[in-house]
Amino acid sequence: MENTDAAKASEPTPAKGKHSDTKIAVLLRDDLAVWQRLNVTAFLVSGLGSRVPELIGEPYEDADGTAYLPMFRQPVMVFEADKETLTKAHTRAVSRAADLAVFTSDLFATGNDRDNRAAVRAVGRDSLDLVGLAVHGPKNGVDKIVKGARMHR
């Protein structure tokens, strides 16, 4: 049987504080139904891992050797706000060139990725009917982007 401490010591680990200077935040419009909030959150965070692969940790495995997919290395903070605050956050995120994912109300009526992208592409940036966004970046920058929002309850 392999020495557990030796196995842990040989695993690659991120540098101390590697992600302590960054933050992942999801901002949801406060008038969404519960199922919509959950659905939008799941879709939004899926984009961040593809854009910033170092956010994803190593795969998981249980004591029986069953493998599980890797997850984010850092917490995802979920906020809520009214439409105006969400629009301001979007403008701030774009102006800061932050890693950004968006979900618009039009996406609730589509049924596939191609139609989702077409629905977003059909509307100008300032006219998007945003219901959520996910952003990753330096903590202070993300805090400024979601300014005015409150932690999701």
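Seven bridges join strand β1 to strand β6, and the two run antiparallel. Strands here are DSSP runs of E with at least two residues, helices are runs of H or I with at least four, and both are numbered from the N terminus. Two strands count as paired if DSSP finds at least two bridges between them.

Before I go on, the basis. This is a predicted model, where local features need pLDDT of at least 70, side-chain atom pairs count only at pLDDT 80 or more, and totals for chains, interfaces and linings use all residues. Residues are numbered from 1 along each chain as its sequence is written, and side-chain values use heavy atoms, with hydrogens and water left out.

Back to the sheet. Glutamate 80 in turn has arginine 150 of β7 as a bridge partner, and β4 and β7 pair in the antiparallel sense over two bridges.

What is the order of the strands in the open sheet? It is β5-β6-β1-β4-β7, five strands with mixed pairing. β5 and β7 (150–151) stand at the edges with a single partner strand each, so one side of each has no neighbour in the sheet.

β1 is mostly covered, with eight of its eight residues buried. Buried means under 20% relative accessible area, exposed means over 50%, and partly exposed lies in between, with a 1.4 Å probe and protein chains only. Thr22, Ile24, Val26 and Leu28 point one way from β1, Lys23, Ala25, Leu27 and Arg29 point the other way, and all are buried.

Next, helix α3, residues 83–95. Its 13 residues should span 18 Å at 1.5 Å a residue, and the end C-alpha atoms are 18 Å apart, which agrees; the expected span is 1.5 Å times one less than the number of residues. Thr85, Leu86, Ala89, His90 and Ala93 are buried in α3. Down the axis, the buried residues fall within an arc of 140°, so they line one face of the helix; the arc is that of the directions from the helix axis to the C-beta atoms. On the other side, Glu84 and Ser95 are exposed. Cover for the buried residues of α3 includes β1, β4, β5, β6 and α5, where contact means heavy atoms within 4.5 Å. Just after α3, alanine 97 takes a positive phi of about 55°.

Last, the aromatics. A search of the whole structure finds three aromatic pairs. Rings of Phe, Tyr and Trp (its six-membered ring) pair if their centres lie within 6.5 Å; planes under 30 degrees apart are stacked, over 60 edge-to-face, and the rest tilted. Tryptophan 35 and phenylalanine 108 are edge-to-face, 5.7 Å centre to centre with 65° between the planes. That pair links distant parts of the chain, from helix α2 to the loop between β5 and α4, 73 residues apart. Phenylalanine 43 and phenylalanine 103 have centres 5.8 Å apart and planes at 55°, so this pair is tilted. Phenylalanine 43 lies in α2 and phenylalanine 103 in β5, 60 residues apart. Phenylalanine 43 is partly exposed at 45% relative accessibility, whereas phenylalanine 103 is buried at 4%. Trp35, Phe43, Phe103 and Phe108 form one aromatic cluster.
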